[in-house]
Amino acid sequence: MSSDLSSFAFELRLFGTFSCKVRGKPMPPLRSSKGDQVLALLALRRPPLDRGWLATTLWPDSTLERSRFYLRRELTHLRSALAEEAWRLQSSSRDSLSFDLDGAWVDVLEFDKLILSSDGRDSAEAIAIRSAPLLESVDEDWVYLERASREEAFVAAAQRSAERLSQDRAFDQAIPILRLAVAHEPLRESLHRMLFTALGEVNDLAALAKAYRELRSLLRRELGVEPDPETQALVRSLLEGQRPPGPRAISMPRAFQLPSLTSNLVGRERDTEDVLRLFDENRAVCLCGPGGVGKTSLALATGAILSERLQCGGAFVDLSSVTSPQGVAAAVGSALGSRQFVGHDPVETLSGLLADKSMLLVIDNCEQIADEVAKLVAKLVSRCPLVLALMTSRHALRATGIANYRLGPLSLSPSQSDCRSPATLVFLTAAARSGRVIEPTEEAVAHIDAICRRLDGLPLAIQVVASSASTLPLAHVNQMLHEAGNWLEIRGPSDESRHATVSEAISWSVGLLTDSERTLLTAASTFVGGWTLEAVTAVCAGELEASLIASGLSGLVEKSIVSFQPAQESGRYYLLEPIRDFASTMPVPPETAAGRRLRHFRYYYELTSRLGPLLYDRQSDRALQELETELHNLRLAQDYCFGQPPRQQLFAGITAQEAGMRLADRMTRFYFVRGPIEEGRELTLAALARATPDTSHSLLGMVVLSAGIYEGFLGNVVAAVEHLGRATALGRSAGDKALLGRALHNLGWSQQRHGLYDEARASFTEALAVHRQNGDPMWQALCLQYLGTLDSVLLSPETAIPLFEEALETCAGRGCRVVEGYAQAAMGSALRQLGMRDEARDAFRQSVDTLRALGNRFHLATAQTGRSRLALEEGDLDTAKALLTESLGQFVELGCRLEFAACLETWAEWHAAADQIDTAVTLLGHADRHRTELQAPHSPQSVLETERLKTRAQEVLSPARYRQTVAKGKALRQTEATALALSQGPLVNGLSHRVHKPLD
């Protein structure tokens, strides 16, 4: 460094206290320290800066408008203070700002230049320039990063200078420099070893022993560890008069250092491994993902590992304020300490700087200028064989040689080694950093899991909510996220991200979209749980051309606003919930929003029309899966329909009343197969409530029939018989044979469960005749199966078998797989009654395989219960327990109280077989309570099976104890009875959590 700075018209010192001279004289004090920071930022960030970015960086707690006002005010005072040098403040455009440093001297920039030199003498000069930390008295977020990188560089310079002095055997001069480095990095043992070596070389053994004692005391106090074995061995050898071999005992440092993460990276272990694996075959990788997903943190964590393998370490380039193509190369050059771009080709200049360097470039926030970054990086890695590049961008970078890695939200599923998910761990960590240590109890983890799911696993959102809600009960935070519309504006800790709120992070991304992409984004927020290209094209009809919709979706995926999951036939698009919340608040004309909601409803109404008939044929599994995928959108469509006046015309002469009834009817089979049954029942009752005297009997009968089916599956036998009787009458009066046949066989099923066996047989027989008239083989097979089941429960399995065989023959080759599954399970029960266990086992196996493949949860659970009875008869308690555990969980989730009671009775047999008579009787008491409340008596078959168990129990227990145990069972809550049934064996912990809501 030249000792004479009089030749510079402008002198700026940022190490220590801010100091500025203009033409050799101190610049007059500015209005506030913010003016000093404006000048410092303009000097340090060489590319033209965006005024909005500069304003929000310096005044992060103010609105953008207010912060811009403050910036204008400080610039006015700064121009006045600069006097003749005010020309240096320049604006190439209305929104940009820069500071011309031609003929100027800035201590930090001079330090940066000297640091890059490989000459140890320049390192010594750099040490002399850095008199104190950068802007030592300023405590602002942006200063931290700038300061941290210089402190790392300062230590590297001290190491380099000590290396040169060591080579020259000038150990007495190296010692004070090494003491300075140790004071900055007291826990870095490699620095201490360098100091110990130098002290040993000058034979100052007393100072060496003292320095070692101080290190050992520090490590014990701070980390609870002893010095490394390498350090201990070195000190021992030096104190014994030995010398390390050769004059180069002090290792050469890396030239560049990446900023350090302020905390450990949580939940990204798999991503870190995947990115490192990508570098095995690529030299340039871009981390793509939405704002707030943690790209920068992952880049720094991965970069720290990569840079350790490279001789020159790694350099960090922040492009958040770069808006011009020319600024990209300048920003990279600035990170490398070079500003020699005037009159030179930037690629040639950077290639010259990096040609022989083994190092990593971490280039952050590339989305504003993605194409230019891709071109520059592709050229640099092709010309500089030892350079690696790791970029972060919300847009994928498209260039030869760059591999894109899409970073998704944190996993919401618990890992194998921890019952908590990565998202939950991030929440707990963020809460702890804000001062709230949460005990991870089962209840707390459940609340946190719900919060993280509402936030779709987005790390920034999780961290902001966890840290800002540190004084609120977790249940309240969860409720707030579902009810409050302004949670996106909650401000988190200042060091989590350059975006203080989730809204700011998303707004930054949305600001980079085209007009058609913004339109498409607001339309996409109409959907819940994802959508297809066909669906969004229907919703956007009249707003955007189909070609613009397809290209717009591709653009939104490329810019990490929308995620895409390919499928075999098509693909599905998704918005993260925070992005959807933001998009739904974007301004849209009321008539546009209303039109979208109507088109959304019509699309899903027509979807149920197309899929409804498929629920009963060989394509039922595919139709069920598609409806389950679209369930969130179907719920939204239902809400829309029932929110309209009943007589309002929606489209094509269809009123809201008729649409709601048809929608309820079409969804019936889905709900009782996949659940939740209670939700289907509520939909049907809402449709019934909108019926009017002029509603057609066929339409009304369909909905009444659905209501009866739901009541039957929920175990409300009396209500089921009433509804189904009414549906039968409506079918007769309307002359609707299809409705009449369906109503009759469902009526028979409910009558059988109510103990009305003669009435049930009459209903089944008439239904069979009607279905034969209609020529529908599936419904004929179903009635035959019901008739056989009736015989079976009336202890006539020998007459049931031929009916089941006829049902299976009727189904054969016609794609009636669902009915085949029912009939096979019923056949298994009848064969078991006849003692034909091998044949029964085969029938149950076929039934379970068929129903599991179709996803038919109710009948699968029924088949599993029947199969468990066979296992009990054969003494196979382990198999019986596994089958019963699955069945019980399904019945509880679906809300089927009568089947739940029957399953508990089988569980009672299992506990009796395991010599747990008290538990068996308790479960029987609880099951009896359900049957009494539901007015569903035992069938002759179940009477025979339970009476044997009661007789055995009464032989073991005294009459008083037997009565007390039965009473205890009747007093239990449903959740308690479930836990009691599952209370033995290793399967309990894994399966009892499937119980979500009580039935009683």
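Select Glu558 and Arg406, whose side chains meet in a salt bridge with an N to O distance of 3.8 Å. The model on display is predicted. Glu558 belongs to helix H23 (residues 546–558) and Arg406 to strand S12, so the pair ties together parts that are 152 residues apart in sequence. Colour the two residues by accessibility: Glu558 is partly exposed, with a relative accessible area of 25%, and Arg406 also counts as partly exposed, at 40%.

**Further salt bridges**

Next, select Arg394 and Glu367. Their side chains form a salt bridge as well, at 3.8 Å from N to O. Arg394 is found in the loop between strand S11 (387–393) and strand S12 (402–406), while Glu367 is in the loop between strand S10 (359–364) and helix H15 (370–383); the pair therefore ties together parts that are 27 residues apart in sequence. Both Arg394 and Glu367 are buried.

Now display Glu85 together with Arg23. The closest N and O atoms of this salt bridge are 2.9 Å apart. Because Glu85 sits in the loop between helix H3 (64–82) and strand S5 (89–90), and Arg23 in the loop between S2 and S3, the pair ties together parts that are 62 residues apart in sequence. Is Glu85 buried or exposed? With a relative accessible area of 2%, Glu85 is buried. Arg23, in contrast, counts as partly exposed at 49%.

To view a network of salt bridges, select Arg832, Arg837, Arg869, Glu873, Glu909 and Glu945, which are linked in this way. The count of salt bridges in the model comes to 51.

Four strands make an open sheet with mixed pairing, in the order S3-S2-S1-S7. Strand S3 (25–26) and strand S7 (104–106) are its edge strands, each pairing on one side only. Within this sheet, select residues 10–13 and residues 19–22: these are strands S1 and S2, which run antiparallel and are joined by four bridges. Which residue in S2 is the bridge partner of Glu11? The partner is Lys21.

The other sheet to select is open and has three strands, in the order S4-S6-S5, with antiparallel pairing. Its edges are strand S4 (49–50) and S5, each of which pairs on one side only. Two bridges connect S5 with strand S6 (residues 96–99) in the antiparallel sense. Zoom in on Gln90 to find its bridge partner in S6, Ser98.

**Two loop residues**

Select Ser321, in the loop between strand S9 (314–318) and helix H13 (325–335). Ser321 is buried, with a relative accessible area of 3%. Beyond residues up to four places away in sequence, Ser321 touches Arg45, Pro48, Leu49, Asp50, Trp53 and Gln368.

At a relative accessible area of 70%, Asp61 is exposed.

**Nonpolar cores**

In soluble globular proteins, nonpolar side chains tend to be buried together. The largest nonpolar core of this model has 195 residues. To find the residues with the most contacts inside that core, select Phe427, Leu521, Trp531, Phe601 and Trp907. Centre the view on Phe427 and display its surroundings. Apart from neighbours within four places in sequence, Phe427 is in contact with Ile438, Ile448, Ile451, Cys452, Ile462, Val465, Ala466 and Leu474. A second, separate core has 76 residues, including Leu14, Ala86, Val155 and Ala211.

**Helix H34**

End the tour with residues 777–793, which form helix H34. This helix of 17 residues reaches 24 Å from its first C-alpha to its last, close to the 24 Å expected at 1.5 Å a residue. H34 is mostly covered, since 16 of its 17 residues are buried. At the N-terminal end, select Asp776: this residue caps the helix, with a side-chain oxygen 3.2 Å from the backbone nitrogen of Met778. Finally, go just past the other end of H34 to Leu795, which takes a positive phi of about 65 degrees.

Note on methods: Residues are numbered from 1 along each chain as its sequence is written. This is a predicted model: local features need pLDDT of at least 70, side-chain atom pairs count only at pLDDT 80 or more; totals for chains, interfaces and linings use all residues. Side-chain values use heavy atoms; hydrogens and water are left out. Two strands pair if DSSP finds at least two bridges between them. Buried means under 20% relative accessible area, exposed over 50%, partly exposed in between (1.4 Å probe, protein chains only). Contact means heavy atoms within 4.5 Å. A nonpolar core is a set of buried Ala, Val, Leu, Ile, Met, Phe, Trp, Tyr and Cys residues joined through side-chain atoms within 4.5 Å. A salt bridge is a side-chain nitrogen of Lys or Arg within 4 Å of a carboxyl oxygen of Asp or Glu. The expected span of a helix is 1.5 Å times one less than its number of residues. A polar contact is a pair of N or O atoms within 3.5 Å; within protein, one must be able to donate a hydrogen and the other to accept it, and residues adjacent in sequence count only if both atoms are side-chain atoms.
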